[in-house]
Each structure stands twice: as C-alpha cells, then as structure tokens.
Amino acid sequence: MSTTPVWGHGIENQRRANLGDGTYRNPVMGGDYPDPTVLRVGERYYMTFSSFESSPAIVLFRSENLVDWEPVGPALKEPWGSVFAMDLVEHEGRFYLYIPFIPTSWSRLDAPTIAVMWTDDIEGDWQGPIDLGIRGYIDPGHAVGDDGERYLFLNGVDRVRLSDDGLATKGPIEHVYDGWHYPEDWVVEAYSLEGPKHVVRDSWHYLVSAVGGTAGPATGHMVIVARSRSIDGPWENMPTNPLLRCTDAAQPWHSRGHGTLLEGPCGQWYVVYHAYEKDAQGLGRQILVEPVDWSEGGWPVARGGDLAEPLPLPGGGTAVRPHGFALSDTLTEPSWGWRWTFDQPGADETERAAFGPEGLLLAGKGEGPASSSPMTLRAPDRSYRVETSVEIVDGETTAGLLLFFNHRLFLGLELAAGRLQAWAGGTRTWGHESLEESVTALELAITKRESIVDMYYRLPGAGEWRHYPLTLECSGYHANTVNDLVSLRPALFAAGDGHARFSGVTYRAL
C-alpha cells in the first residue's frame with residue numbers, strides 16, 4: 001500500500017491543504033512563502049511574507065480559516081530594497097506593516113533599515129514607507145505595553161520605543177532578552193536569535209522567537225517562547241522549549257521556525273510558521289499551520305506532532321473555500337508580485353516587459369540565463385509541467401524556459417539561432433539540438449516529477465512533442481547547496497540586445 005501523503009487538489013490540479021473532509025494537511029501555502037506574519041481582523045485573517053527582491057512587493061493574502069488563502073494584491077509598488085521578515089499589526093483601528101529593507105544592487109540604501117507603512121483599509125491603498133532610522137536590524141515585532149506605550153522588538157532580541165502614532169522611534173535601542181539556549185549536542189546551524197513576535201494572553205506578555213538558523217541541518221531552526229508579566233520583563237523561558245522543532249531528519253518537515261502565535265476560529269489557538277519539506281527542499285520555505293493548546297501553567301503546547309497525519313480543519317466543518325490562484329497566464333496583462341517576479345531585478349526591471357494581445361514582448365538582458373534577470377513563478381507542487389511558446393523577434397537574442405533557483409544554479413532550454421541549447425547546474429551542457437537557421441520560434445515544455453526533469457520542444461502547432469535527449473535530476477537545487485534562501489521556480493528569460501515574445505504560459509500539477 002502506498003505511504004505517499006495525500007493532499008486536496010485545486011486550480012490547475014495544484015495541491016491544497018484542505019482535504020474536504022474536515023481535515024487539512026500541511027502546507028497551507030505550498031511554495032516559497034517564508035517568514036509569515038498573520039493578523040486576525042474580526043473573523044478574517046490576513047497574511048504576508050518576505051518578498052525579497054520582488055517588485056511590486058508585500059503581497060497580502062486573506063483567509064477565513066487559516067488554511068484556504070487567496071491573494072489580495074501587493075501593498076508596495078516600489079520597494080526600497082530586498083524585503084525581509086515583516087510584522088503585520090493593527091492598533092486602535094489602523095493597520096501597520098513594519099518592514100526591514102536590505103540593500104540591493106539597485107537600491108539607494110547603504111545599510112539594512114526598518115520602515116513602516118500604514119492604512120485604515122487593509123485591502124486598500126497603503127501609505128509610506130517611512131524610514132524609522134533603525135539601522136542594522138531585521139525582523140521587527142510590534143508590541144504594546146500595559147501602559148499603552150508602543151515598541152518594536154528586533155532581532156537579537158533588542159527593543160526600541162515607538163511614538164504614539166507608530167511612525168517614528170523615541171529613545172535608544174536596548175537589549176532586553178537573551179533567548180533560550182538549546183543543548184550543545186543538538187545539531188543546529190547557528191544560534192541566530194530572530195523573529196520576535198509579541199502576544200498577550202491572560203495578562204501574560206509572550207515573546208515567540210526563532211533560533212537555530214533558517215536553513216542548514218533539518219534539526220536546526222526552531223520556535224521558542226518566553227513570558228513576563230510586564231512588557232519590560234524579566235522574561236522567563238518556557239520550561240518545555242522549544243515549542244516547535246524537527247527532531248529527526250526522517251520527519252516530513254525540516255527547519256520548522258519563525259512562528260506567529262494567534263487565536264484562530266472557535267477560540268482554538270494556532271502557530272503559523274515556515275519549514276522545508278523533506279525531499280522537496282527546492283520548493284523553499286513553505287507555510288504551515290499547527291493547533292496549539294495551553295497548559296494549566298499557561299504555556300503553549302503545539303499538538304501537530306511530526307505533521308505526518310492530517311489535522312482538524314480550523315473552525316470545523318468540511319467547507320472548501322477559495323484558495324490560491326492560477327499560475328498559467330496569457331501574458332496579455334501584468335500580474336507582478338503575486339504571480340511573476342524578476343530575479344535580481346534592477347530598479348526599473350518591469351519596463352523590460354510589454355504585455356498585449358500577442359503576449360509578452362520581453363527585452364533581452366545580459367549574456368545568458370544567469371545574467372538575464374528571468375521572470376519567475378513560485379511553484380507550489382512537488383511535480384508539475386510548464387509550457388510556453390517563445391519567438392526570437394530581433395537582435396542577437398536568445399530566450400527560453402528554465403527551472404531557476406538563482407543565477408548560479410538553474411536548468412532548462414535556450415533557443416538561439418540554429419540550435420536549442422540545454423543548461424544544467426547553471427552551465428551549458430555538452431550537447432545541443434541543431435535547428436534550421438530559419439527556426440526562430442518553438443514551443444517548450446519542462447516536466448518535473450519529484451526530482452526528475454525532462455524537457456520537450458516542437459515547432460509551433462506541429463503536433464507531437466520531441467523529448468530533448470537529456471534527463472536531469474534536481475534534488476540538490478536548494479538553499480543548502482548554494483547558500484541562498486530562495487526556491488526552484490519555473491522561469492522565462494530573454495538575453496542579448498533584442499527582444500523575445502512569449503505567447504502564454506501553462507502550468508499543471510502532476
């Protein structure tokens with residue numbers, strides 16, 4: 001009998017957590033959605049995640065049950081830099097996003113800084129950002145004391161007081177918490193005290209933090225908890241720390257960390273966090289939800305175990321609500337941020353792309369896939385097929401379809417004058433398929449079945465697909481290989497001094 005986990009299926013056969021029988025199986029958001037921050041607004045929940053170099057940035061999702069999520073849209077059209085782990089909060093009826101921006105090749109920042117955006121309508125337009133002048137820190141976590149004073153906790157864990165309106169700091173940054181230290185014989189990447197989130201329950205102030213490093217060994221990243229009767233401490237570590245941790249690399253979810261603790265439907269508490277999937281680390285840090293109970297002593301207790309089995313659907317019942325979105329795209333109009341993102345974009349990268357009735361006209365950049373800033377999709381599935389139609393329009397241009405991790409590690413097909421070139425491991429392969437010089441357009445397809453990749457091509461409308469004579473293996477395309485916290489993504493690219501046209505993309509999970 002098969003022991004392969006079973007998921008539900010949604011748009012394009014994409015796997016989904018809700019099984020339709022009153023249970024769900026993680027992940028609730030498949031694909032690379034790291035550092036989730038979640039806010040309850042009435043009976044609805046809103047979530048966002050680290051956008052990194054996406055532009056537009058900060059994509060909000062909404063849910064009624066913490067399991068089924070749909071996109072609202074990006075909140076920031078022009079980010080100042082790479083967007084790291086944020087905090088989404090509400091205070092006195094106004095919504096705030098506290099955002100770490102990290103310098104990039106195109107930003108004007110000279111050091112990491114923390115900024116704030118705000119709105120009175122969480123699904124409307126956001127104001128800002130405003131620079132808070134906090135240099136060299138990441139992972140802000142908003143907090144309010146019993147006296148009404150506002151604070152930001154920072155990685156470390158340090159803290160700074162905020163003005164009453166939350167749009168400026170007042171006073172110095174101070175160190176307030178040393179964290180909980182795991183046993184020395186645990187296999188952990190690094191201590192890295194980060195991601196502090198604050199929550200109040202029964203007059204206790206709780207700090208939920210992460211230690212252990214976000215990639216590295218499967219048993220590294222973890223969620224820890226401390227509490228105090230005062231926002232000023234002293235902070236008492238939970239006797240049963242950590243709240244969450246992968247304890248064995250044989251478990252289905254590795255590096256479980258960066259948690260948000262909140263009350264869910266029907267009064268049940270949950271922790272929302274990210275983790276890597278065993279044997280599918282290339283999908284990046286995916287979002288998981290786990291129920292939490294409270295001990296008689298007032299400490300949280302996660303009850304998902306090793307997550308090998310389905311869990312009760314938050315709120316009960318068997319309803320399957322809207323979830324996710326199609327990755328397939330006619331390419332007739334832009335869908336930046338929530339669907340497409342450029343890799344290592346320049347400040348005006350989206351100007352390379354012109355959408356219209358005939359599809360996407362993409363200006364070339366760089367000398368090949370590595371330097372082309374390809375357009376990428378977050379893949380939520382372990383196995384899928386992606387197809388596109390590409391045409392070289394003008395200039396000394398090459399273009400094609402990739403599975404792209406970063407500029408050092410990718411695979412796929414490149415159409416050039418007179419040849420179809422394969423790439424693997426970020427380098428050209430030993431051979432290529434010769435084409436007639438008159439061939440300037442092809443349909444391309446990549447099929448990924450777990451870690452086995454096959455590539456196909458055909459002349460437009462020419463019937464049967466031809467298998468490119470090379471089968472690849474991509475299990476090593478992940479963060480621990482090249483020290484980059486991203487994911488393996490379907491991608492379109494154009495390189496050189498001319499243009500290429502892409503006439504749609506289709507995606508289907510297998």
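Hi everyone, let me start with Phe-61: its relative accessibility is 1%, so this residue counts as buried (buried means under 20% relative accessible area, exposed over 50%, and partly exposed in between, with a 1.4 Å probe and protein chains only). Before I go on, this is a predicted model, where local features need pLDDT of at least 70 and side-chain atom pairs count only at pLDDT 80 or more, while totals for chains, interfaces and linings use all residues. Residues are numbered from 1 along each chain as its sequence is written, and side-chain values use heavy atoms, with hydrogens and water left out.

Now, the aromatics. The structure holds 20 aromatic pairs; rings of Phe, Tyr and Trp (its six-membered ring) pair if their centres lie within 6.5 Å, and planes under 30 degrees apart count as stacked, over 60 as edge-to-face and the rest as tilted. Phe-61 and Phe-325 are one of these pairs: the ring centres are 6.4 Å apart and the planes are at 35°, so the pair is tilted. This pair links distant parts of the chain, 264 residues apart, with Phe-61 in strand S6 and Phe-325 in the loop between strand S26 (311-312) and strand S27 (341-342). Strands here are DSSP runs (E, at least two residues), numbered from the N terminus. Phe-325 is also buried, at 11% relative accessibility.

What about the rings of Tyr-182 and Trp-186? Their centres are 6.4 Å apart as well, but their planes are at 5°, so that pair is stacked. Tyr-182 is buried at 18%, whereas Trp-186 is partly exposed at 26%.

Finally, two serines. Ser-51 lies in the loop between strand S5 (44-48) and strand S6 (57-63), and is buried at 4%. Leaving out residues up to four places away in sequence, Ser-51 touches Ala-57, Ile-58, Val-59 and Val-83 (contact means heavy atoms within 4.5 Å).

Ser-383 sits in the loop between strand S30 (375-376) and strand S31 (384-394), and is buried at 11%. Where does the side chain of Ser-383 reach? To the backbone nitrogen of Glu-450, at 2.8 Å. Thanks, all!

Note on methods. Helix = DSSP H or I, 4+ residues; strand = E, 2+ residues; numbered from the N terminus. Polar contact = N/O pair within 3.5 Å; in protein donor to acceptor, adjacent residues only side chain to side chain.
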